[in-house]
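Biologist: Please take a close look at one part of this model, the packing of its helices, and describe it in a single connected account.

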Amino acid sequence: MTGRRRSSPRHFPRASATAAAACTAVIASLLSGCGSLPGAGSGEQEPITVMTWAPEGTRTTNMPGMPAMAQAYARWVNSRGGIAGHPLKVLTCNERNDSVEAARCAQRAVDAGAVAVVGSYSQWGRSFMSPLEVAGIPFIGGYGASAEEFSSPLSYPVNGGQAALLAGNGRQLAADCRRVALVRPDTIQGDQMPALLDAGLGGGRDRAADIKAPETGTDYSRQVAAALEAVGADPARYGTAKAGGEAPGSCVAASLGDSTDTFFDSFRRLQESSPKVQVGSVLGSVDQSMVNRSGGVSGPLEGADVTGWYPAAGDPRWAPMRRVITQEAFDDNRIDPADQGVQTTWIAYTVLSAVIRQLADQGVEDITAHALQTALDRGDRTIDTGGLTPMLRWRDDDMLAVTDFPRIVNADVTYQVVRHGQLVAAQEGFVDVTATLERRPTDDG
């Protein structure tokens with residue numbers, strides 16, 4: 001099927017010395033002692049209440065940095081006069097990776113009079129989206145962990161979610177891989193992953209072997225062995241990794257959230273007696289701290305192809321976020337500026353602030369959920385996230401019309417690689433996977 005394209009070209013600032021200098025100049029003006037947030041008024045307006053939720057302290061995926069980043073953002077804007085003169089009040093909620101708790105968080109947002117839920121993580125879209133839809137509360141810049149974030153008319157995603165990451169990782173691996181095994185969670189969400197990776201791998205090769213794994217496993221030796229066998233990593237033919245043997249064209253991709261760390265611990269032990277294979281994953285399952293824990297340059301992730309939504313963590317376009325973290329949350333170890341959850345929350349609050357300022361410019365003083373929804377749907381102006389995403393807007397013409405994900409407006413990803421123990425950009429710029437998602441196999445063919 002053919003997706004609808006944006007009516008205007010997309011421009012991405014280049015991560016060059018010039019861009020870094022320009023970024024520094026902007027930061028200096030925004031964050032200097034006498035500076036203020038653009039659009040901040042001189043007189044205080046009514047407070048704006050929003051909520052950010054994420055799982056914390058669970059046995060599966062945890063995202064404590066997202067609510068922590070939201071609170072840091074609120075301290076920052078409030079110290080500079082608020083957003084268009086409105087103090088920002090951020091409520092947080094632990095949804096505990098549980099459908100009932102996710103619904104309770106949504107109901108808390110409704111009961112507290114929140115005008116938006118911003119930069120949040122939950123796999124339980126069916127549970128949390130209904131209360132928000134009934135109350136007319138927009139869901140801005142969720143992590144993209146649930147299908148409802150890409151179908152609800154009240155959702156305004158800033159990235160392409162799991163769909164873009166898996167399709168992008170397939171494209172990234174395609175250059176070197178003839179045989180691929182995907183290790184993924186044995187969940188409803190995980191059931192979507194193989195078709196997405198296969199779409200990225202493209203034709204001319206067998207579909208990736210689908211290796212299901214428990215979300216909360218403590219040892220993945222069985223899945224490692226199955227993956228290595230599926231891609232033909234035969235020590236009798238190629239020797240062992242310990243002896244320098246490699247299986248060309250054989251690749252193992254793993255996307256297990258927080259459990260990916262445990263998977264690669266098992267992988268490191270078993271690969272010693274098998275030939276070395278190419279490894280792939282996505283940001284959110286792999287990050288720099290995990291690379292460090294697994295052994296850095298001597299670990300199993302050295303050379304891994306990793307797909308993300310945004311520029312690499314060291315890119316100068318992240319400097320404003322890093323400055324806010326330093327000023328407002330220096331001692332908060334929940335906030336890792338390289339974490340995609342933290343990054344998504346920063347971008348989501350950038351969108352919220354931009355929309356509120358647009359409303360203020362139009363003379364709107366009463367910032368309600370309905371006012372935000374109307375402004376987002378109307379899309380009078382595109383929203384600039386400082387080059388961390390394309391220019392964002394959620395009009396009907398901006399939706400990419402990808403089957404099963406009709407609310408996607410940004411299907412761009414970045415290719416990164418673990419090189420000398422560091423997660424760095426594999427190439428400059430963004431890769432648009434819209435066409436890849438469009439040709440993805442679906443249940444109806």
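Modeller: Helix 8 and helix 10 are oblique to each other, a class left for angles that are not roughly parallel (under 35 degrees), roughly antiparallel (over 145) or roughly perpendicular (65 to 115). The model is a predicted one, in which local features need pLDDT of at least 70 and side-chain atom pairs count only at pLDDT 80 or more, while totals for chains, interfaces and linings use all residues. Residues are numbered from 1 along each chain as its sequence is written, and side-chain values use heavy atoms, with hydrogens and water left out. Helices (H or I, at least four residues) and strands (E, at least two) are DSSP runs, numbered from the N terminus.

The axes of helix 8 (residues 221-230) and helix 10 (residues 260-271) cross at roughly 60 degrees and come within 9 Å; axes are lines fitted to C-alpha atoms, for helices over the stretch in contact, and angles run from 0 to 180 degrees between N-to-C directions. This crossing is right-handed, the near helix being turned clockwise from the far one by less than a right angle. The contact (heavy atoms within 4.5 Å) joins S221, V224, A225 and L228 of helix 8 to F263, S266, F267, R269, L270 and Q271 of helix 10. By class it has six nonpolar, three polar and one charged residues, where Ala, Val, Leu, Ile, Met, Phe, Trp, Tyr, Cys and Pro count as nonpolar, Asp, Glu, Lys and Arg as charged, and the others, Gly among them, as polar.

Helix 3 and helix 4 pack at about 20 degrees with their axes 7 Å apart, which makes them roughly parallel. Their crossing is right-handed. S99, A102, A103, A106, Q107 and V110 of helix 3 meet S127, F128, P131, L132 and A135 of helix 4, giving eight nonpolar, three polar and no charged residues.

Within helix 4 (residues 125-135), G125, F128, M129, P131 and L132 are buried, that is, under 20% relative accessible area, against over 50% for exposed and partly exposed in between (1.4 Å probe, protein chains only). Seen down the helix axis, these buried residues fall within an arc of 165 degrees, so they line one face of helix 4; the arc is that of the directions from the axis to the C-beta atoms. They pack against strand 1 (48-54), helix 3 (99-111), strand 3 (116-118), strand 4 (139-140) and strand 5 (155-156). The face turned away carries the exposed residues R126 and V134. V134 has a relative accessible area of 77%. Just after helix 4, G136 takes a positive phi of about 70 degrees.
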